[in-house]
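Subject: Structure handover

Dear colleague,

Here is the structure I said I would pass on. My notes follow below it.

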Amino acid sequence: MPRVAAPPQPGQRSEGCCSSGGGLRRRSPAPPARIGCSRDRRRSIGRPRSQGGDRLLQRGGGDAAGAREAAAGAMAAPSPGPREVLAPSPEAGCRAATSTSGRRGLLWRLRDKQARIGLFEIGPGHELHQLTCMMQAGLWAATQVSMDHPTTGPPTEEDFSEVLTQVHEGFELCTLAGPAFSWLRRSLGLAEEDYQAALGPGGPYLQFLSTSKSKASFFLSHDQRFFLKTQRRREVRALLAHLPRYVQHLQRHPHSLLARLLGVHSLRVARGKKEFFIIMLSVFYPAGRISERYDIKGCEVSRWVEPAPEGSPLVLVLKDLNFQGKTIDLGPQRSWLIHQMELDTAFLRELNVLDYSLLMAFQRLHEDERGPGSSLIFRTARSVRGAQSPEEPGSQNRRLLPDSPNALHILDGPEQRYFLGLVDLATVYGLRKRLEHLWKTLRYPGRTFSTVSPARYARRLCQWVEAHTE
């Protein structure tokens, strides 16, 4: 695979990788600990130190044991050997973004702002500019590792457990389960070079100001194809614990509505607090002609957003109560959607997950995009490449995919194109949520709210889809 050239800083290397003088050792299973990665050592998740005090660690970060609790007792195979990774500095990313912005003319900037209504470019004067430059430089280097060491088959136990730490000037970036996500990206037909170019220092990230009540930060790559979201440590722990089953579900159901996760990382600036973030395909891509956006949970409490004034350029993601009186006209595609919702929500119910959302957006079809003879062609091979499944195609609920970017999240009706995807898959129904359920039951008697059991949550969201489609 061709290597993307970018000059690293002299003498800089990834200290998270083993030095040439060391080997990698297998460790006995251990109880899960907290997620994390160390500056100068690597080991598999769930692997303790050796009894003799040897602190040479295998394929992961120093305190990453809790990232996959479900597989804590499994033994991973040893790494094929040590390797050194050169990592570009955050300054290189900042210089690239700044020089790119400097070359843009005033007319281009005005046109660009109009095309990105509702988003804010993180330029040199933005308070998050330095942070996103670090993210770009770190992700460029992390993707380079997967390009230099491509996976040769489906993810192994060791791939799901790997934590790679790369130390840069002023910060460090950890990549969790990197080989597993590299395989997932390839199964989607996504070239690593394109992924690296979109998330690296080639252009500024965009900030998305969400109506969500969470304290998460949201970013988009400069081409709006990839969505980045900060996550709590416990959410990352749940995602990684469920990752093997998530991959299996996508193998069985290649046209699933589940958001396509592409990477999980953490970033620590100097000796500050570690911040976790995920990367996924944006459901709302390409966004140029989208007219309405919704976040649906199938309940009513706190599910209203004040719409933007008529004529306002602000684009908001609306919620359930804003959708009242509207329907989704899918024609013959309706039965596929209802069945896929049942399959995907049943999977999330098995994971004991709730509080996820069905993202929806509307885009009116042009005349030449309507009908099976225009934009619809059978493209199953594209979506299942690298994801072989023993099941019969009929049991996988496959469908016709539109001949357009982001086809897995797009469903064409007779008049409208719909962007659909299930997101926020990391909230587990544990003690915290059970207590929240009891409190809301007393606080909102007779009303529907989001914190309910996973079985009830799944059933209610499927019923919402049935009631609002035709």
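Helix α3 (residues 129-148) lies across β2, β3 (171-176), β5 (218-220), β6 (226-231), β7 (261-269) and β8 (275-281). The direction of α3 is at about 125° to that of β2. Contact here means heavy atoms within 4.5 Å. Axes are lines fitted to C-alpha atoms, for helices over the stretch in contact, and angles run from 0 to 180 degrees between N-to-C directions. Helices (H or I, at least four residues) and strands (E, at least two) are DSSP runs, numbered from the N terminus.

This is a predicted model, in which local features need pLDDT of at least 70 and side-chain atom pairs count only at pLDDT 80 or more, while totals for chains, interfaces and linings use all residues. Residues are numbered from 1 along each chain as its sequence is written, and side-chain values use heavy atoms, with hydrogens and water left out.

The open sheet of eight strands has the order β1-β4-β5-β6-β8-β7-β3-β2, and its pairing is antiparallel. Two strands pair if DSSP finds at least two bridges between them. At the edges are β1 (119-121) and β2 (163-168), each of which pairs on one side only. Neighbouring strands of this sheet are turned against each other by 25° on average, direction ignored. Glu121 has Leu206 in β4 as its bridge partner.

Helix α3 also packs against helix α6 (residues 192-199): their axes come within 9 Å and cross at roughly 170°. The two helices are therefore roughly antiparallel; angles under 35 degrees count as roughly parallel, over 145 as roughly antiparallel, 65 to 115 as roughly perpendicular and the rest as oblique. On the α3 side the contact involves Gln136, Leu139, Trp140, Thr143, Gln144, Ser146 and Met147, which meet Glu192, Glu193, Tyr195, Gln196 and Leu199 in α6. These residues divide into five nonpolar, five polar and two charged. For that count, Ala, Val, Leu, Ile, Met, Phe, Trp, Tyr, Cys and Pro are nonpolar, Asp, Glu, Lys and Arg are charged, and the others, Gly among them, are polar.

The five-stranded sheet

Five strands form another open sheet, in the order β10-β9-β11-β15-β14, with mixed pairing. Because β10 (317-319) and β14 (410-412) stand at the edges with a single partner strand each, one side of each is left without a neighbour in the sheet. The twist from one strand to the next averages 30°.

Strand β11 (residues 357-364) and strand β15 (residues 416-423) pair in the antiparallel sense over eight bridges. Leu358 stands opposite Leu422 in β15, and Gln363 has Arg417 in β15 as its bridge partner. Strand β9 (residues 292-296) and β11 pair in the antiparallel sense over five bridges, with Ile296 opposite Leu358 in β11. Seven of the eight residues of β11 are buried, so the strand is largely enclosed by the rest of the structure. Buried means under 20% relative accessible area, exposed over 50%, and partly exposed in between (1.4 Å probe, protein chains only).

Helix α8 and its neighbours

Helix α8 (residues 334-350) packs on the five-stranded sheet. The helix touches β11, β14 and β15, and its direction makes about 5° with that of β15. Helix α7 (residues 233-252) and α8 pack at an angle of about 160°, their axes 12 Å apart, which means that α7 is roughly antiparallel to α8. From α7 the contact uses Arg245, Tyr246 and His249, and from α8 Leu343, Asp344, Phe347 and Glu350. By class, the residues of this contact are three nonpolar, one polar and three charged.

His339 lies in α8 and, at 34% relative accessibility, counts as partly exposed. His339 and Cys462 are 123 residues apart in sequence and 9.1 Å apart in space, C-alpha to C-alpha.

Backbone points to check in the loops

- The peptide bond from Tyr285 to Pro286 is cis, with omega near -5°; Pro286 lies in the loop between β8 and β9.
- Ser302, in the loop between β9 and β10, has a positive phi near 60° and is partly exposed at 37% relative accessibility.
- Asn352, in the loop between α8 and β11, has a positive phi near 65° and is partly exposed at 27% relative accessibility.

Regards
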